[in-house]
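I hope they are handy while you look through it.

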Amino acid sequence: MRAVIVAVGVAFLISLFCTPIAIKVFTRLKAGQPIRAEGPAMHQGKKGTPTMGGVVFILATVIAYVAGHLALTTLPDAQIAQVEPTITALVLLGLMVFSGAVGFIDDFLKVRKRHSGGLNKRGKLAGQILVGAIFGIVALYFPSSMTDVRGIATNTETVGSTTLSFIRDIPALEIGKVGAVIVIIMVVMAATNGVNLTDGLDGLATGASVMVLAAYALIAFWQYRHWCADPNYTEAYCYTVRDPLEIALIAGAAAGACVGFLWWNTSPARIFMGDTGALGLGGLIAGMAMSTRTILLLPILGGLFVIITMSVVIQIISFRTTGKRVFRMSPLQHHFELAGWSEVNIVVRFWIIAGIGVAIALGLFYSEFLAAVT
């Protein structure tokens, strides 16, 4: 727990105090956010606000991960605490950094062209597929070689699983390694686009991501406390995952970094996360679902992202089939803007929806454990 707390604190402080520096740097570089003309009229006042702020909390997460590992070296139970960096960290941080890199290219092109159209849809889609495929393969083909003090293998798990999962792996839903990589790619695409579509109002995506990442930190730490690889814990209801403390550390660090960023990103935002931050967070959240073996729980945990994404899908299908729009504008948050809701009201109420999804998901996760032990 100490390592996780250290990572959260370091990430929060770096993000809180470095974001103003990023604001000055991006302002000096004239890296302002272009606003699409067809968007809500009230958004035109945000034109020129520095973007690409996701760079700050992505770097803060990576640095905090290192700090957390320094704290791990003093743990008395270090033989089961993943003192050395792991493939799990490579996959999770890799998904965050390289998904963020795809977003950074998009943001850079927007700033350079002074236009809201950055990387085209095919280019962004290709980047998401490539990142998902690379780290999906790493997640499926590099098993752990952790051994206990006697030199006996205690955990030979991979980061990802060849079966679909809800609270834990579902043995009946075996899909093989190729199928698992395809599923990982789909989850990465869904999560990155979900967070990106949610990032339309000041602080909305940041706050919702904090809740989801904090939930994954709790889930992973619970798995660590009831981990099948722990030689002192061999109960039938333990969790068969790889490096759960590592997962909790990274999830906590990312949540802390987002909280620090939210100080400057809340209304009126002084900086936007941009596609850099949205795609980076989406990639990490996808990695969390994969590594904690809770892929089918993610749509509940990230319920707000699902609702907002579905509003876009419904709008497109309705317009192309009937010529009519269901919403005044999509994504959904803009529908309520045009209905007269204030930006702050929309953000707070959508945060409540996000919190409800997280609460339901955590309830399902914990209730499954209670059912197993009673």
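1. Start with the largest nonpolar core, which has 102 residues, F57 and Y216 being the ones that touch the most other members. A nonpolar core here is a set of buried Ala, Val, Leu, Ile, Met, Phe, Trp, Tyr and Cys residues joined through side-chain atoms within 4.5 Å. Leaving aside residues up to four places away in sequence, Y216 touches A251, I285, M288, A289, T292, T294, L298 and L301; contact means heavy atoms within 4.5 Å.

2. A word on the basis: this is a predicted model, in which local features need pLDDT of at least 70 and side-chain atom pairs count only at pLDDT 80 or more, while totals for chains, interfaces and linings use all residues. Residues are numbered from 1 along each chain as its sequence is written, and side-chain values use heavy atoms, with hydrogens and water left out.

3. For the overall picture, the protein has 12 helices and 4 strands, taken as DSSP runs numbered from the N terminus (helices H or I, at least four residues; strands E, at least two). Of its 374 residues, 54% are buried, where buried means under 20% relative accessible area, exposed over 50% and partly exposed in between, with a 1.4 Å probe and protein chains only. Among contacts between residues at least 6 apart in sequence, 75% join residues at least 24 apart.

4. Do look at helix 12 (residues 343-373). Its 31 residues should span 45 Å at 1.5 Å a residue, and its end C-alpha atoms are 45 Å apart, which agrees; the expected span is 1.5 Å times one less than the number of residues. The buried residues of helix 12 include F350, G357, F365 and F369. Helix 6 (204-225), helix 9, helix 10 and helix 11 (332-338) are what the buried residues of helix 12 pack against.

5. Next, the second largest pocket, which holds about 400 Å³ of space. Among its 17 lining residues, A190, A191, L298, P299 and V306 are the closest to its centre. Two or more lining residues come from each of helix 5 (176-198), helix 9 (298-301) and helix 10 (303-322), and helix 5 gives the most, with 7. The lining divides into 14 nonpolar, 3 polar and no charged residues. For these classes, Ala, Val, Leu, Ile, Met, Phe, Trp, Tyr, Cys and Pro count as nonpolar, Asp, Glu, Lys and Arg as charged, and the others, Gly among them, as polar. A pocket is an open set of points on a 1 Å grid over the protein atoms alone where a 1.4 Å probe fits, with protein on both sides within 12 Å along at least five of seven lines; lining residues have an atom within 4 Å of a point. The volume is the space filled by probe spheres set on the points, which are joined across faces, edges and corners.

6. The loop between helix 1 (2-28) and helix 2 (54-72) holds T49, which counts as buried at 13% relative accessibility. Beyond residues up to four places away in sequence, T49 touches A31, G32, Q33, A269, R270, I271 and F272. M52 lies in the loop between helix 1 and helix 2 and has a positive phi of about 65° although it is not a glycine. At 5% relative accessibility, M52 counts as buried.

7. Some further backbone spots deserve a glance. Most residues other than glycine have a negative phi, and most peptide bonds are trans. D243, in the loop between helix 6 and helix 7, has a positive phi near 55° and counts as buried at 2% relative accessibility. The peptide bond from S267 to P268 is cis, with omega near -10°, and P268 is found in the loop between helix 7 (244-265) and helix 8 (274-291). A cis peptide bond also joins S330 and P331, with omega about 0°; P331 lies in the loop between helix 10 and helix 11.
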